[in-house]
Amino acid sequence: MTYFPEFPIAARWPAQHPERLQLYSFPTPNGVKVSIALEEIGLPYEPHLINIMKNETWTPDFLSLNPNGKIPAILDPNGPGGKPLALFESGAILLYLAEKTGLLLPSDPARRYETIEWVFFQMGGIGPMFGQLGFFYKFAGKDIADKRPLERYRDESKRLLGVLETRLEGRQWIMDDDYTIADISMLGWVRTLKVFYEAGELLDMDSFANVNRWLDAGLARPATQKGLNIPARP
């Protein structure tokens with residue numbers, strides 16, 4: 001078995017199975033990217049709930065793994081060269097898992113980079129913009145009298161959905177018939193717009209037929225259904 005004495009986070013959230021990849025997360029749109037990917041890949045892992053509602057990401061133990069104080073993060077006891085690897089940022093983790101296992105990422109170099117560009121599209125656009133929409137539509141920002149911020153993120157979120165709608169025209173998945181980390185990176189965020197932010201009407205989401213078809217197909221996958229609830233909420 002491999003232990004992690006050099007990683008303080010392992011003392012706060014000890015591993016029952018230290019030979020497995022350790023996932024430190026919470027079931028948010030960013031967090032479930034990694035649990036869904038791990039379920040798709042079938043790589044043994046041990047999830048640890050990091051309760052963001054109790055600000056556990058800002059504890060010294062968690063910050064020792066991710067100085068940015070955000071979930072998800074991982075410790076892989078079997079990293080490059082057989083040494084433990086600590087990694088944060090959901091996009092980086094998705095890419096690492098795909099390259100480690102040879103799954104969820106095309107082997108052809110051109111298609112590989114095309115997949116990665118769509119992961120970056122999610123990281124740079126969909127995640128931040130959808131998240132701001134949620135703040136100004138559902139959370140504390142909704143009480144701000146000036147509605148220009150909400151309108152800004154509403155319009156940008158609709159534009160991004162339009163980009164996704166166009167990409168999915170005539171395609172089953174982002175990369176044609178290949179289900180990849182690009183799809184996984186976006187599923188949780190698009191689902192959140194509908195289910196958690198309840199912004200479907202605001203964004204006229206019913207008009208995005210390709211996006212809805214893709215979302216339904218992605219959510220129907222057993223790995224997605226399981227991964228959306230890992231780690232289980234308290």
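This is a predicted model: local features need pLDDT of at least 70, side-chain atom pairs count only at pLDDT 80 or more; totals for chains, interfaces and linings use all residues.
## Asn210 and its surroundings

Two residues are in contact when they have heavy atoms within 4.5 Å of each other. Setting aside the neighbours within four places in sequence, Asn210 touches Glu165, Leu168 and Glu169. With Glu169 there is also a polar contact, which joins the two side chains at 2.8 Å.

Where does Asn210 lie? Its place is in helix α8, which covers residues 209–219. Asn210 has a relative accessibility of 11% and counts as buried, because buried means under 20%. Arg167 shows how the chain brings separate parts of the sequence together: Asn210 and Arg167 are 43 residues apart in sequence, while their C-alpha atoms are 8.8 Å apart in space.

Now for the aromatic rings. A pair of aromatic rings is described by two things, the distance of the centres and the angle of the planes. The model has 7 aromatic pairs in total. One of them brings together Trp118 and Phe121, whose ring centres are 5.0 Å apart. Why is this pair edge-to-face? The planes of Trp118 and Phe121 meet at 75°, and an angle over 60 degrees counts as edge-to-face.

Both residues belong to helix α5, which runs over residues 109–137. Trp118 and Phe121 are 3 residues apart there, so about one helical turn separates them. Are these two buried or exposed? Trp118 is buried at 12% relative accessible area, and Phe121 is buried too, at 17%.

Another edge-to-face pair is made by Phe135 and Phe136, with 4.9 Å from centre to centre and 90° between the planes. Together with Tyr153, Phe135 and Phe136 form one aromatic cluster.

Terms used. Residues are numbered from 1 along each chain as its sequence is written. Side-chain values use heavy atoms; hydrogens and water are left out. Rings of Phe, Tyr and Trp (its six-membered ring) pair if their centres lie within 6.5 Å; planes under 30 degrees apart count as stacked, over 60 as edge-to-face and the rest as tilted. Helices (H or I, at least four residues) and strands (E, at least two) are DSSP runs, numbered from the N terminus. Buried means under 20% relative accessible area, exposed over 50%, partly exposed in between (1.4 Å probe, protein chains only). A polar contact is a pair of N or O atoms within 3.5 Å; within protein, one must be able to donate a hydrogen and the other to accept it, and residues adjacent in sequence count only if both atoms are side-chain atoms.
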